[in-house]
Amino acid sequence: VYLASGTGFADALSGAPAAANGVAPRSLPAQDGQDAPVLLTRTDRIPADTLKAIEDLGASKVVILGGEAAVSAKVAGELEAEGLDVARVAGTDRYETSANVATMFGNNVDTLYVASGEDRAFADALTGGALAGAQDAPVLLTRPDKADAVTKEAVAALNPKRVVVLGGPAAVSDAVYAELGGTERLAGSDRYGTSAAVAAQFD
């Protein structure tokens, strides 16, 4: 299972396509590539319902998404005490975490989806995550007005054939689109139009 903070959206959004495709860190033993759920936790303790879900699913491995400010070392310790193999994918902020999650997909991916990582603009990554998961593709979060070095490095490492930006220029600027090698946008006049444009890709 994949475990992310339930009080911040970014790490769960980055991790959902990875979970859907069973993409995990090399540090976990006996990876099987099976699709997996994303569960939510409090920062400093595992809710009883989350722990029960892990037990009911018969999970043996947990991938924690995000740093200790999102999911504490105490939570990781509680999972290990339950006999689970635990790995963490994290960075100094949500953008580095997203880059590290995305690069678990390896190099030469067919399609990379890019979305704003800002709190006010979560909707595009939310609707795009289902499409990315269905296509075995990562979702990479970026700042709207500039691409961090780690974000550009992730794009280079993934070497995608297509870079699809989710949302219009207010969400991800034209400058960032160009910096990250954008090949197309899926966008509408607002988040609802963008979600409709994303949904149309399932036809």
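Trainee: Which residues does Gly133 touch, not counting residues up to four places away in sequence?

Mentor: This model is predicted. Gly133 lies in helix H5. Leaving aside residues up to four places away in sequence, the residues that Gly133 touches are Pro17, Ala20 and Asn21.

Trainee: Does Gly133 count as buried or exposed, and why?

Mentor: The relative accessibility of Gly133 is 14%. Buried means under 20% relative accessible area. Because of its 14% value, Gly133 counts as buried.

Trainee: How do helix H1 and helix H4 pack, roughly parallel or roughly antiparallel?

Mentor: Helix H1 covers residues 10-20 and helix H4 residues 94-102, and their axes are 9 Å apart at an angle of about 5°. Angles under 35 degrees count as roughly parallel. Therefore H1 is, relative to H4, roughly parallel.

Trainee: Which residues of H4 make the contact with H1?

Mentor: From H1, the contact involves Ala10, Asp11, Ser14, Gly15 and Ala18. By class, the contact of H1 with H4 has three nonpolar, four polar and two charged residues. On the H4 side, the residues are Arg94, Thr97, Ser98 and Val101.

Trainee: Which residues lining the second largest pocket are the closest to its centre?

Mentor: The second largest pocket has a volume of about 220 Å³. Helix H5 (122-134) and helix H8 (191-199) each supply at least two residues of its lining. By class, that lining has five nonpolar, five polar and four charged residues. Of the 14 lining residues, the closest to the centre are Asp124, Ala170, Ala171, Asp190 and Arg191.

Methods. Residues numbered from 1 in each chain as written. Predicted model: local features only at pLDDT ≥ 70, side-chain atom pairs only at ≥ 80, totals over all residues. Heavy atoms only, no water. Axes fitted to C-alpha atoms, helices over the stretch in contact; angles between N-to-C directions. Helix = DSSP H or I, 4+ residues; strand = E, 2+ residues; numbered from the N terminus. Parallel < 35°, antiparallel > 145°, perpendicular 65-115°, else oblique. Contact = heavy atoms within 4.5 Å. Nonpolar A, V, L, I, M, F, W, Y, C, P; charged D, E, K, R; others polar. 1 Å grid on protein atoms, 1.4 Å probe; cavity = no way out; pocket = protein on both sides within 12 Å on 5 of 7 lines; lining within 4 Å. Points joined across faces, edges and corners; volume = space filled by probe spheres on them. Buried < 20%, exposed > 50% of the residue type's maximum accessible area, 1.4 Å probe, protein only.
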